[in-house]
Amino acid sequence: MAQGVLQQTYDAIVVGSGATGGWAAKRLSEAGLKVALLEAGRAVTEKEFTEHMPSFQLKYRNHSPEVMRTRPIQRQCYACMEYNYEWFVNDLENPYSTPPDRPFTWQRLRVLGGRSLVWGRQSYRLSDVDFKAASRDGYDVDWPFSYADLATFYDIVERYVGITGAAEQNEMLPDGQFLPPMSMSCGEVRLRDGIKKKFGRTLTIGRAAVLTQPLNGRPACHYCGPCERGCRTFSYFSSPFTTVKDALKTGNCTLITDAIVSHVDMDEGANKAQGVTFVHRATKETRQIRAKSVILCAQALESTRILLNSSTREYPKGLANSSGLLGHYLMDHVVGGGARGTFEDLKIPPNANPPHRPNGIYVVRFRNTPATGTHPHFIRGYGFQGGSSPSFNTGAPGMGADYKKAVKLGTYEVSLGAFGESLANFDNFCEIDPDLKDAWGIPALRISMAHGKNEAALMHDAGVTAAEMLEAGGAKNIHVTTGVEMPGMAIHEVGTARMGNDAKKSVLNPFCQSHDVNNLFVGDGSCFVSSACQNPTLTMMAIAVRACDHLIERFRRNEL
Amino acid sequence: MKVRSHDAADPAARSGHPSPLINRRDLVRAALFASAASALGPAFSFAQAVSSGLTAAALGEDGSKFLTDPNWKAAFLNDQQNETLIALSDVIIPATATPGAKEAMVNRYLDLLLSVQPAEFQRQFVDALAFIDSESRKQLGKDFRALAPSDQVWLLTPWAYPRQPSHWMEQEDRPDPAQEHFERLKALIASAYYGSEIGQKELGWDGSIFHGPYQGCEHSTTTHS
């Protein structure tokens, strides 16, 4: 056993180097703690970024058989492409199971920075309408803290990450520390004005983790377009070139890549986590690493899998699972409702060249708000993301020289797609599949989730309201969708180790610290009590920083 | 410039062979006895697993070189199909003041694409090509590729526009298979053309990465004109 143990004992092990793990490594090492940062994938450098490579240089122009063969699940995400698919997990090496009637798509990366390399960058604060939603509508429970408890951490994260956006003074979507907003296209201005006039609803430019002015040595965005292929100027936020870099600069943080954590090791006598066991990605050798505290930031399902795989005699149902709730209340925003159309009278031709704005528009939630009152068919709400711009019309009729002309004239398109709240439900859960292991011999997850009636009603309503808003903006040729996409499609999975004040009704305390094992923390989206409808990464980062500050304080008081 | 893989020094990672530390029999048994359906479906097994590295794109490789390879050979199409496709693409997207589908080697890209697509996709494509030829023989007595250019246009034109249902003849308004075949071929030819370097330039692409920051709507009137 002792053979594989690394010599140094750290103050903290951070598992995962993505948006939250990067922050944990930065925060803890800057406070003077000796940190080991473990990443399951390899390191990444800007030399492998492909954002400036023209698509015709891809042999298969994004229809690579290798992507189809090795990433049949990952390629359901638009960002998994022939350019960058090796950042995404190989589905053949990383299996999980689902009941046949409850499909779930699990999109994940194993590379330094994780999903922060390819994320959508949309960054929205939650409000007290979200944190205290149960008090308003009676469904489930409130979060164990309020907006005021998190606001300063949102400030810290936003000032460092760099969020472009416009202040709106809307109670559903608190304003933050914004860099100058990006501008809207003609179609977007028309839509914004039309829906404000007719419905009083707020359409704002997307709030995105993309720099519109230099910050901490990172230049402003040069508008080349495809952020998900990397950014040589680091103008969108990704952890390897910001938080992880800062952590390593302190001299207090040791980065260990290719380290696939299988479980947390316990000192059972002391009821303390004493470190983690990991398998080397390439050699498949097993090692143990010791620390005075452990913070899992591997993303909700992966962190939960590690805990479920860490059972001991005292915690037979998974580590830190005396509540029996670990793995339950899995949420992922419901998507599928929306509408698209065209502005026939906007005669602005499409442009094949940059600038390509890496951001869209956002319609702030307007259902079940203090201002709009209670909706008769559903609780909670949704926000819309979308955009409007001219695009080349390769679907034009005809052929020959006239067809070539029609393609270039283009059509001015407009679309809105909803992200709706996914209700916390005990019956949406993950557990260990007793018969399935990954390529490293680590037991794999069985994920069982389905969206329910409320989510379906949200998407139906989203189709209706998207259409009426496009009409109000003057769009034509409107097509509506009201379906519910497969869970996982939003790639906003949260909630499998919920936080709360009562150890019987939650896995983590309000500072992401395990109720059962006090030197064990989960710093990613696992802690979410509800999903709200806003993109979760900004909130995850703010909560991770808050959790780290709590960890640092306890560590200094010798309480871990 | 080549970027060295982080794992290049590791032979197991380079070869892509599973390490002996992994017990493949256990994995196979696990797959066989999985109590819930694997999200991948039954067609996948661990034997196919490969190691991660860098994509060809990340290594900076230009994958479009095969288009101009003097020794190019079709991977999927036979000679007749290839020649029919070239002729067809040249009618749908001809050279005008700018190069057309033939110059963009649309046939070579589609041949490669077809070679890696599922059998059903391949079958639909081949059937559509065969249909064009059979109609050409039926109406004009020759294979499509042997027709005069003006006859090629004459044959295809009715299928290239939305169909106006004829109420006078009391026909049922059902999908027209001829139009479906044509639309399938046209969509793939257009995608292959506009996805090529020639096609990107046709759309105005100039190869520059930077054209200044995004300028949004600056109109003071709601007509945006």
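Trainee: In this predicted model, how many of the 20 residues of α11(A) are buried?

Mentor: Of those 20 residues, 16 are buried, and α11(A) is thus described as mostly covered.

Trainee: Which elements make up chain B?

Mentor: Chain B contains 8 helices and 0 strands. Its order from the N terminus is α-α-α-α-α-α-α-α. Of its 225 residues, 40% count as buried. The chain exposes about 12900 Å², of which carbon and sulfur atoms supply 55%.

Trainee: At what angle do helices α4 and α5 of chain B pack?

Mentor: In general, a pair of packed helices is described by the angle between the axes and the distance between them. Here, α4(B), residues 106-115, and α5(B), residues 119-140, pack at about 140°, and their axes lie 9 Å apart. The two helices are therefore oblique to each other.

Trainee: Which residues of α4(B) and α5(B) meet?

Mentor: A general point comes first: an α-helix has 3.6 residues a turn, so residues three or four places apart point the same way. In this contact, α4(B) contributes B:Leu110, B:Leu114 and B:Ser115, which meet B:Phe121, B:Gln122 and B:Phe125 of α5(B). The residues of this contact comprise 4 nonpolar, 2 polar and no charged.

Methods:
Residues numbered from 1 in each chain as written. Chains lettered and ligands numbered in written order. Predicted model: local features only at pLDDT ≥ 70, side-chain atom pairs only at ≥ 80, totals over all residues. Heavy atoms only, no water. Buried < 20%, exposed > 50% of the residue type's maximum accessible area, 1.4 Å probe, protein only. Helix = DSSP H or I, 4+ residues; strand = E, 2+ residues; numbered from the N terminus. Axes fitted to C-alpha atoms, helices over the stretch in contact; angles between N-to-C directions. Parallel < 35°, antiparallel > 145°, perpendicular 65-115°, else oblique. Contact = heavy atoms within 4.5 Å. Nonpolar A, V, L, I, M, F, W, Y, C, P; charged D, E, K, R; others polar. Areas by Shrake-Rupley, 256 points an atom, 1.4 Å probe, with all protein chains shown as cover.
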